[in-house]
Amino acid sequence: MKTLLTLLILILMPCMLFSQSKEPTKTIDGTYLLMDAERGIGRKMTKEKLFQFTKWGNDKVLVVAACQRCSPAMYKYQKEDSQALGFPVFFNAIGLYMITYDKESFVMIMPANKKSPDWTDFSFSNFYSKSKIKANAMTKQKIKEFIIKISE
C-alpha cells in the first residue's frame, strides 16, 4: 500500500507542477505590508501599499499605490524574464523591478548599475507581503541572498 501511494504521488507530481500557472493572476490583488516605510500620501510615510494586477492595453501590469486616491506606480510584466526564472517579474520605467518572492510576497529592487550582470548591488530595495510576520522578519541581507540565489 505504501509503495502504491508513493508511486501514485511520483506519477501525479509532474502533472501538478506543470499545471500550475507561472503567469500572474488576480490572486496578487490586495493590501501588502512593507518591510521599510515608503512615501505615501503627501510626505507621510506608510507601511502599506495596494497591489492590483490588470491589463493595460496589450500589456499585463502590476499597479501599486499607497492609497485608493494616490497616484500609482505601474510595473509591466516581463514575460521572458518570468519564464526564465519560473515566477512573475515586473519592471517599471524608472528602473524598479518587482520580483515574486512567494505566493503572497514581492521583493522590489533597483540595481545600482542596470548594465552590470551583478544584481547584488542595488541602490534601493524593499519587501512587500500580505503577511505581517513575513514583512517584519525580512531584512536587507535576506533580500540580497534571494537576489543572489535567483541570479545563479
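On confidence first: the protein chain comes out with an average pLDDT of 84, and 82% of the residues score at least 70. Where pLDDT is low, the predicted coordinates should not be read in detail.

Next, the sheet. Eight strands form a closed barrel in the order β1-β2-β3-β4-β5-β6-β7-β8, and their pairing is antiparallel. From one strand to the next, the twist averages 30 degrees. The link between β1 and β8, which run antiparallel, is made by two bridges. Leu 34 has its bridge partner in β8, namely Tyr 128. Helix α4 packs on this sheet and touches β1, β6, β7 and β8, with its direction at about 100 degrees to that of β8.

As for α4 itself, the helix covers residues 140-151. Ile 143, Phe 146, Ile 147 and Ile 150 are the buried residues here. These residues take up an arc of only 95 degrees around the axis, which means that they sit on the same side of α4. The cover over the buried residues of α4 includes the strands β1 (30-39), β6 (97-102), β7 (105-111) and β8 (122-129), along with the helix α2 (79-85).

Notes: Residues numbered from 1 in each chain as written. Predicted model: local features only at pLDDT ≥ 70, side-chain atom pairs only at ≥ 80, totals over all residues. Heavy atoms only, no water. pLDDT = per-residue confidence, 0-100. Helix = DSSP H or I, 4+ residues; strand = E, 2+ residues; numbered from the N terminus. Expected span 1.5 Å × (residues − 1). Buried < 20%, exposed > 50% of the residue type's maximum accessible area, 1.4 Å probe, protein only. Arc of directions from axis to C-beta. Contact = heavy atoms within 4.5 Å. Pairing = 2+ DSSP bridges. Axes fitted to C-alpha atoms, helices over the stretch in contact; angles between N-to-C directions.
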